[in-house]
Amino acid sequence: PVENTSSSFWKLAAAASVSVALVSSYLAYDYWNKWKNTENSLRELIARNQQVAEDYNRVNLRLDKIEKELDVVSNPEFNRIIMKGTPNAPTALASVYWNASTKEVYLSVQEMKALSLENQYQLWAIVDGKPVDAGVFDGSFSGLLKMKDITSGASTFAVTVEPRGGSVSP
């Protein structure tokens, strides 16, 4: 009977070690699956966090632009000159904001027709009866566009359609 108990002990020990190995393998596999799921969730959270950061930066840039535009529009040192359409473009409408002391010029387009890719609009300041280039622009932008500074004596502003890049004279 002593030999029988010894053999039974080893059978029981072998069964227990197989059971422990099976349970350990299952727990390791379960832990590995949870780790992979957590890793995937972390990747998704990092991607969302990056998207939120990009959105935040985009909103901040937009807010900065709006604040700058509001500073120009509400500054009493800027004269607002409204430019209405001509018979060629009766619905065209744009405004120029010009500060004679700082020489700054900004343009706001309310309504301008789209041009071909070969053409652009060009803003002119009329100084002492002569046109002075104030820069080129496309009619599709929104908000205020910083144009070239104009020294002094601008009596009015005008817009012409010119080849892309602008002309020396209208």
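Leaving aside its neighbours within four places in sequence, which residues is L107 in contact with? I looked this up in what is a predicted model. L107 is in contact with M83, A94, S95, V96, F137, F141, G143, L144, L145 and M147.

**Entry on the cores.** I next looked up the nonpolar cores. L107 belongs to the largest nonpolar core, which has 20 residues. Listed with L107 as having the most contacts inside this core are V96, V105, L123, F137, I150 and F157. I noted that two or more residues of this core come from each of strand 2 (89–98), strand 3 (105–111), strand 4 (119–127), strand 5 (130–137) and strand 7 (154–163). I also found a second, separate core of five residues, among them V72, F78, Y106 and L144.

**Entry on the fold.** Read from the N terminus, the order is α-β-β-β-β-β-β-β. The radius of gyration is 37 Å, well over the 15 Å that the globule rule gives for 170 residues, so the chain is more spread out than a compact globule. Along its principal axes, the C-alpha trace spans about 125 × 35 × 25 Å.

**Entry on contacts and surface.** Among the contacts with a separation of 6 or more, I noted that 54% join residues 24 or more positions apart. Of the 170 residues, 21% are buried. The accessible surface comes to about 12100 Å², and carbon and sulfur atoms account for 60% of it.

**Entry on charge.** I recorded 17 positive and 19 negative charges, whose mean positions are 2 Å apart.

How values were computed:
Residues are numbered from 1 along each chain as its sequence is written. This is a predicted model: local features need pLDDT of at least 70, side-chain atom pairs count only at pLDDT 80 or more; totals for chains, interfaces and linings use all residues. Side-chain values use heavy atoms; hydrogens and water are left out. Helices (H or I, at least four residues) and strands (E, at least two) are DSSP runs, numbered from the N terminus. The radius of gyration is taken over C-alpha atoms; the globule rule is 2.2 Å times the number of residues to the power 0.38. Buried means under 20% relative accessible area, exposed over 50%, partly exposed in between (1.4 Å probe, protein chains only). Contact means heavy atoms within 4.5 Å. Accessible areas come from the Shrake-Rupley method with a 1.4 Å probe; for residues, only the protein chains shown count as cover. Lys and Arg count as positive and Asp and Glu as negative; His and the chain ends are not counted. The place of a charge is taken as NZ of Lys, CZ of Arg, CG of Asp or CD of Glu. A nonpolar core is a set of buried Ala, Val, Leu, Ile, Met, Phe, Trp, Tyr and Cys residues joined through side-chain atoms within 4.5 Å.
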